[in-house]
Amino acid sequence: MSGVKQKAEPGTLYVVATPLGNLRDITLRALDILESVDIIAAEDTRTTLKLLNAYQIKGPKLVPYHEHNEKEKASLLIEKLLAGQSVALVSEAGTPGISDPGAYLIRLAHEKGLKVRPVPGPSAISTALGVSGLNLKNGFIFLGFLPSKRGERQKLLQQLKNEKRPFLCYEAPHRLKAMLKDALKILGPRRIFVAREMTKKFEEYFWTDLPSLLEKVKDNNPRGEFTLIIEGAPEKLTRQINPEERLRVFLNQGLSLKEAVKLVAEETDISRKEIYQLALKIRDSLLKKP
């Protein structure tokens with residue numbers, strides 16, 4: 001393809017990926033399209049305006065397009081497209097339509113026979129996976145944001161309990177502790193990769209496990225947006241698992257004796273009765289501590 005500056009075509013909906021945080025991550029083609037479209041439909045007009053100002057882009061009409069007005073605005077935008085105007089769809093950060101508003105408008109544009117064109121760029125999914133070091137030859141599962149209601153969240157995690165592939169999700173800081181508690185209770189002490197505030201000033205990326213991460217955030221208020229990758233269900237490798245160590249971790253995290261025994265039994269081939277007797281001894285030793 002030519003490297004010549006591109007201008008938006010009439011009657012075309014452009015799905016434009018924008019930076020996750022660092023404004024220098026914008027692509028040259030994205031700048032071309034944002035500068036030449038008639039309308040920019042933005043999830044957060046304030047964030048988009050900062051991007052436009054950073055690159056001295058003026059002229060396109062900025063229209064708010066978010067989850068609360070999606071269907072209403074989609075109809076109006078389709079009318080503009082059918083009349084020959086060009087529209088750029090942008091989310092607050094990353095690629096629109098993936099856990100962000102946009103899918104409804106895109107689907108409607110396809111149904112109307114309108115041209116829909118991607119302008120690829122940043123995505124939280126590929127960014128987190130790319131720095132995790134995971135071998136993805138068997139694929140992965142993307143969950144978006146987990147359900148905010150505890151019962152629904154636990155039900156989903158239960159369905160994934162025996163899934164061998166790693167799964168990726170987004171989580172808001174105010175729900176992180178509750179989500180980690182549910183994940184530990186249902187999935188056990190799995191390894192987890194944390195990508196926080198990607199490409200921003202205080203970005204961080206690290207591997208840990210569910211008990212350690214929960215311990216890290218339980219006494220403070222975590223900040224920033226989190227992208228989490230939880231490893232899939234491990235094979236039952238009894239020799240590599242220390243049941244006493246696992247039980248101590250679970251009991252120290254506040255799980256009941258019954259819950260701890262159940263989790264360790266599922267991780268190993270040791271009988272639940274044997275694990276229960278071991279758990280009683282550990283509990284007694286913990287109670288004797290001054």
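Trainee: What percentage of the 290 residues in the protein chain is buried?
Mentor: Keep in mind that this is a predicted model. Buried residues make up 44% of the 290, where buried means under 20% relative accessible area.

Trainee: And what is the chain built from, in helices and strands?
Mentor: The secondary structure comes to 11 helices and 10 strands. The radius of gyration of the chain is 24 Å, while the globule rule gives 19 Å for 290 residues, so the chain is more spread out than a compact globule. The C-alpha trace spans about 75 × 40 × 35 Å along its principal axes.

Trainee: What is the accessible surface of the protein chain, and what share belongs to carbon and sulfur atoms?
Mentor: It comes to about 16,100 Å², and carbon and sulfur atoms hold 50% of that. As for contacts between residues at least 6 apart in sequence, 73% join residues at least 24 apart.

Trainee: Let's go to the sheets. What is the strand order in the open sheet with parallel pairing?
Mentor: That sheet has five strands, in the order β3-β2-β4-β1-β5.

Trainee: Why are β3 and β5 said to stand at the edges?
Mentor: Each of them, β3 (61–64) and β5 (115–119), has a single partner strand, so one side of each is left without a neighbour in the sheet. From one strand to the next, the twist averages 25 degrees.

Trainee: How do you know that β2 and β4 count as paired?
Mentor: Pairing takes at least two bridges, and β2 (residues 39–42) and β4 (residues 87–90) have four, in the parallel sense.

Trainee: What makes you say both faces of β4 are covered?
Mentor: V87 and L89 are buried on one side, and A88 and V90 are buried on the other. In a regular strand the side chains alternate between the two faces of the sheet.

Trainee: Which helices lie across strands of this sheet?
Mentor: Helix α2 (residues 45–54) lies across β2, β3 and β4, at about 155 degrees to β3. Helix α4 (residues 103–111) lies across β1 (12–16), β4 and β5, at about 150 degrees to β1.

Trainee: Which order do the strands have in the sheet with mixed pairing?
Mentor: This open sheet of five strands runs β6-β7-β10-β8-β9. Its edge strands are β6 (141–145) and β9 (204–209), each pairing on one side only. On average, neighbouring strands are turned by 20 degrees against each other, direction ignored.

Trainee: How do you know that β6 and β7 pair?
Mentor: The cut-off is at least two bridges, and β6 and β7 (residues 167–171) have four, in the parallel sense. Among them, G144 has C169 in β7 as its bridge partner.

Trainee: What lies across β7, β8 and β10?
Mentor: Helix α7 (residues 176–187) does, running at about 5 degrees to β10. Helix α8 (residues 210–217) lies across β8 and β9, at about 120 degrees to β9.

Trainee: Why are the buried residues of α5 said to line one face of the helix?
Mentor: In α5 (residues 124–132) the buried residues are A124, I125, A128, L129 and S132. Seen down the axis, they fall within an arc of 120 degrees, so they line one face. What covers them includes β6, β7, β8, β9 and β10. After α5 comes G133, with a positive phi near 80 degrees.

Trainee: What puts the buried residues of α9 on the same side?
Mentor: In α9 (residues 243–252), P243, L247, F250 and L251 are buried. Their arc around the axis is only 95 degrees, which puts them on the same side of α9. Just after α9, G254 takes a positive phi of about 95 degrees.

Technical notes:
Residues are numbered from 1 along each chain as its sequence is written. This is a predicted model: local features need pLDDT of at least 70, side-chain atom pairs count only at pLDDT 80 or more; totals for chains, interfaces and linings use all residues. Side-chain values use heavy atoms; hydrogens and water are left out. Helices (H or I, at least four residues) and strands (E, at least two) are DSSP runs, numbered from the N terminus. Axes are lines fitted to C-alpha atoms, for helices over the stretch in contact, and angles run from 0 to 180 degrees between N-to-C directions. Contact means heavy atoms within 4.5 Å. The radius of gyration is taken over C-alpha atoms; the globule rule is 2.2 Å times the number of residues to the power 0.38. Buried means under 20% relative accessible area, exposed over 50%, partly exposed in between (1.4 Å probe, protein chains only). Accessible areas come from the Shrake-Rupley method with a 1.4 Å probe; for residues, only the protein chains shown count as cover. The arc is that of the directions from the helix axis to the C-beta atoms.
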